[in-house]
2 protein chains.
Amino acid sequence: MKTLDATFSALADPTRRAILARLALGETSVMELAKPFAMSLPAVSKHLKVLEHAGLIARSREAQWRPCRIEPRALKQVDDWLEHYRRFYDESFDRLGDYLKKLQAKEPGKAPKGKAPKVVSTAHDRKK
Amino acid sequence: MKTLDATFSALADPTRRAILARLALGETSVMELAKPFAMSLPAVSKHLKVLEHAGLIARSREAQWRPCRIEPRALKQVDDWLEHYRRFYDESFDRLGDYLKKLQAKEPGKAPKGKAPKVVSTAHDRKK
DNA sequence: TTGGTATTTAACCGAGTAGTTATTTAACTG
DNA sequence: CAGTTAAATAACTACTCGGTTAAATACCAA
């Protein structure tokens with residue numbers, strides 16, 4: 001997918017991730033975003049353009065300011081991509097104990113007694 | 001963090017993501033990994049080096065083959081980073097209905113009756 | 001040792017990236 | 001209007017990246 005290229009590429013730069021971290025606290029202007037960095041304003045402006053192009057932020061207009069805010073779409077896409085690999089690092093995957101606990105939690109009184117079938121994935125549990 | 005730079009940068013290339021997708025099916029050789037791509041073997045070898053440097057894969061030795069496999073560490077780091085932004089795109093955040101459902105699921109019979117306090121984050125629920 | 005297979009390294013090229021300074025656009029303000 | 005502030009664009013430079021081909025390395029097998 002084309003957008004994933006742009007998104008991962010945008011996230012590869014520490015300045016841009018720092019900008020996102022700041023925006024997680026709330027919408028703000030370019031000046032404000034630039035303050036923590038030892039670089040020119042045009043440089044920050046470029047970073048913002050990269051983030052915007054990747055769908056990670058959106059910009060509006062307010063007098064001479066261009067407040068930026070986080071745009072969730074691209075982040076969601078990254079999370080969806082990660083979904084396919086979660087079983088490799090998430091401890092709650094492929095472990096019978098956790099699986100049974102989850103079953104019990106969701107359907108009290110329905111926990112299986114015998115041997116459970118091999119659990120391939122339980123990732124979708126997260127979403128609701 | 002230095003490693004996040006390398007990891008996001010590595011993931012920004014579609015060839016490298018395709019390689020990871022193949023490795024999700026199981027350990028395999030460089031030849032095998034290179035087959036689907038219309039590029040030279042050295043090019044694939046370079047991609048593998050990038051993935052290895054980013055901590056996304058690990059390589060072993062078996063006769064003249066160098067089988068590659070997924071290394072979960074870096075993927076986990078990406079997931080941990082995403083954690084801070086999940087509330088922006090995950091529907092199960094900041095919504096009373098889902099929160100109550102979760103509470104009910106985890107502690108049957110303990111669901112609150114009155115107005116619930118503002119839910120700031122429920123992300124940690126995922127991990128167990 | 002000679003040869004075959006798998007993989008990496010070296011040297012190079014064209015395109016893209018992250019930064020700079022200087023200039024320009026856009027909007028408010030007196 | 002002129003002046004000020006916020007931000008984007010232009011033009012440039014140094015460096016990185018993804019690919020190439022040709023050569024080198026590592027291991028097995030006869």
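Colleague: How does the surface near DNA strand D divide by class?

Modeller: First, this is a predicted model: local features need pLDDT of at least 70, side-chain atom pairs count only at pLDDT 80 or more, and totals for chains, interfaces and linings use all residues. Residues are numbered from 1 along each chain as its sequence is written, while chains are lettered from A and ligands numbered from 1 in the order in which they are written. "Near" asks for a C-beta atom, placed from the backbone, within 6 Å of the strand; Ala, Val, Leu, Ile, Met, Phe, Trp, Tyr, Cys and Pro count as nonpolar, Asp, Glu, Lys and Arg as charged, and the others, Gly among them, as polar. On that basis, the surface near DNA strand D has 11 nonpolar, eight polar and six charged residues.

Colleague: And which residues come nearest to DNA strand D?

Modeller: There are 25 residues around DNA strand D, and they come from both chains. The nearest of them are A:Ser29, A:Met31, A:Pro42, B:Ser40 and B:Ala43.

Colleague: Which elements give two or more residues to that surface near DNA strand D?

Modeller: Elements here are DSSP runs numbered from the N terminus, with helices (H or I) of at least four residues and strands (E) of at least two. Chain B gives helix 4, and chain A gives helix 4 and helix 3 (30-34).

Colleague: What about DNA strand C: which residues are closest to that one?

Modeller: DNA strand C is surrounded by 23 residues. By class, its surface has 11 nonpolar, seven polar and five charged residues. The closest residues are A:Ser40, A:Ala43, B:Ser29, B:Met31 and B:Pro42.

Colleague: Moving to the fold, what pattern does chain A follow along the sequence?

Modeller: Chain A has seven helices and two strands. Read along the sequence, they give the pattern α-α-α-α-β-β-α-α-α.

Colleague: At roughly what angle do the axes of helix 2 and helix 4 of chain A cross?

Modeller: Each axis is a line fitted to C-alpha atoms, for helices over the stretch in contact, and angles run from 0 to 180 degrees between N-to-C directions. For helix 2 (residues 14-23) and helix 4 of chain A, the axes come within 10 Å and cross at roughly 75°.

Colleague: Roughly parallel or roughly perpendicular, then?

Modeller: Angles under 35 degrees count as roughly parallel, over 145 as roughly antiparallel, 65 to 115 as roughly perpendicular and the rest as oblique. That angle therefore makes helix 2 of chain A and helix 4 of chain A roughly perpendicular.

Colleague: Which residues make the contact?

Modeller: Two residues are in contact if their C-beta atoms, placed from the backbone, lie within 7 Å. Helix 2 of chain A brings A:Thr15, A:Arg16 and A:Ile19, and helix 4 of chain A brings A:His47, A:Val50 and A:Leu51.

Colleague: Is A:Ala63 buried or exposed?

Modeller: A residue is buried if 20 or more other C-beta atoms, placed from the backbone, lie within 10 Å of its own, exposed if 12 or fewer, and partly exposed in between. A:Ala63 has 5 other C-beta atoms within 10 Å, which means A:Ala63 is exposed.
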